[in-house]
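Hi everyone, thanks for making time for this.

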Amino acid sequence: MIIITINPKKSNPKKAIIMAAGKGNRLLPLTATVPKPLIAVNGKIMIETLIESLLQNHITEIYIVTGHLSEKFSYLPKKYSTAKITLLFNPHYETSNNISSLYVAREHLGDCIIADGDFIINNPKIFAASGETFATSGYFSAWINETEETAEWLQAADSNGYVLSCSRNGGKSGWQLFSISFWNNEDGEKLRRHLEETFQRQAITDIYWDDIPMFLYKNDYRLKIKPINLTDLQEIDTLADLESLENLATANKQ
């Protein structure tokens, strides 16, 4: 018997979609006048660390979906003039969850990174096109062990790293999904169709776009974990997160 092994076709990210439309209510009062991705953490503007990390890895076609205080983002194309940065306005940002933001950018799916704009990227190498990192679609995820069932969006994977399931509401140990992912052309086209079906035709507006591949159309995708370390990035959700990082930086300087 001859066994033929078919390896997944390697794809490299050629573009990125950054989600930056939300109001960031958990960071009020800061976000009343500054969009969450434009908040500086220890002197670093969050979305700029993401953009610069993408550029370091030759991902220069970048689409930023804006909404809340959208005019504040207008300086970015000029500041990063060596890249092709396009701002896309989401007219649904006040009445819909972030499924509406990816719907607005759906024509740019395929061989792309999708990322929330509220990360501090400490390790730009996570976007490097090397090895089999981008052979399949999937989420950048870090292995965690919790003492209590507190971790959200926790994935279980098989021995080859393919996602078996995802717990939205909590778990102890598993692969913590971060809102940074890669989608090859085939899965990007599926995701576009599913966005149009879910948001446009079914008028489902109150979900995360991640609900589509993780839950609503789970069987249509074969996603693979893209392992990172917890120290590779920092996500800012609350004022407590922001204060904790700033206090840590101050302590390290002393």
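A residue is called exposed when its relative accessible area is over 50%, buried when it is under 20%, and partly exposed in between. Keep that in mind for Thr95, which has 67% relative accessibility and therefore counts as exposed. Please also remember that what you see is a predicted model.

First, the overall picture. The protein has six helices and 13 strands. Of its 254 residues, 50% are buried. The accessible surface comes to about 12,900 Å², and carbon and sulfur atoms account for 49% of that. How do the contacts run along the chain? Taking contacts between residues at least 6 apart in sequence, 74% join residues at least 24 apart.

Back to Thr95, then. You'll find Thr95 in the loop between strand E5, residues 84-89, and helix H3, residues 99-104. What is the C-alpha separation between Thr95 and Asp206? The answer is 8.3 Å, although these two are 111 residues apart along the chain.

His92 is in the loop between E5 and H3 as well. With 28% relative accessibility, His92 is partly exposed, because that value falls between the 20% and 50% cut-offs. His92 and Thr205 are 113 residues apart in sequence, and their C-alpha atoms are 9.0 Å apart in space. Setting aside neighbours within four places in sequence, His92 makes contact with Ser100 and Phe199.

Now for the aromatics. A pair of rings is described by the distance of the centres and the angle of the planes. Here the count comes to 13 aromatic pairs. One of them is Phe89 with Tyr93, an edge-to-face pair at 6.1 Å centre to centre with 75° between the planes. Phe89 is partly exposed, at 45% relative accessible area, whereas Tyr93 is buried, at 19%.

Another is Phe127 with Phe140, which is tilted, at 5.7 Å centre to centre and 55° between the planes. Phe127 lies in the loop between strand E7, residues 119-121, and strand E8, residues 138-145, while Phe140 is in E8 itself, so this pair ties together parts that are 13 residues apart in sequence. Both Phe127 and Phe140 are buried. Ring pairs also link these two with Phe134 and Phe182 into a cluster.

Arg168 lies over the face of Phe215, 4.1 Å from the ring centre. The charged end of Lys190 sits over the ring of Tyr221, at 5.6 Å from its centre.

Let's move to helix H1. Is H1 largely enclosed or largely open? It is largely enclosed by the rest of the structure, because eight of the 11 residues in this helix, residues 46-56, are buried. Those buried residues are Met46, Ile47, Glu48, Thr49, Leu50, Ile51, Ser53 and Leu54. After H1 comes His58, which has a positive phi, near 65°.

Take Ser53 as an example from H1. Ser53 has 2% relative accessibility and so counts as buried. Which residues does Ser53 contact, beyond its neighbours within four places in sequence? They are Ile121, Pro124 and Phe127.

In soluble globular proteins, nonpolar side chains tend to be buried together. In this model, the largest nonpolar core has 30 residues, and those touching the most other members are Ile47, Ile51, Leu54, Ile64, Ile113, Phe127 and Ile180. Several elements each supply at least two residues of this core, including H1, E7, E8 and strand E11, residues 173-183. H1 gives the most, with four residues.

Ile180 is worth a look on your screens. Leaving out neighbours within four places in sequence, its contacts include Ile113, Phe119, Ile121, Phe127, Phe140 and Leu233. There is also a second, separate core of 27 residues, with Ile17, Leu109, Tyr139 and Leu177 among them.

Conventions
Residues numbered from 1 in each chain as written. Predicted model: local features only at pLDDT ≥ 70, side-chain atom pairs only at ≥ 80, totals over all residues. Heavy atoms only, no water. Phe/Tyr/Trp six-rings, centres within 6.5 Å; stacked < 30°, edge-to-face > 60°. Buried < 20%, exposed > 50% of the residue type's maximum accessible area, 1.4 Å probe, protein only. Lys NZ or Arg CZ within 6 Å of the ring centre and 35° of its normal. Contact = heavy atoms within 4.5 Å. Core = buried A, V, L, I, M, F, W, Y, C linked by side-chain atoms within 4.5 Å. Areas by Shrake-Rupley, 256 points an atom, 1.4 Å probe, with all protein chains shown as cover.
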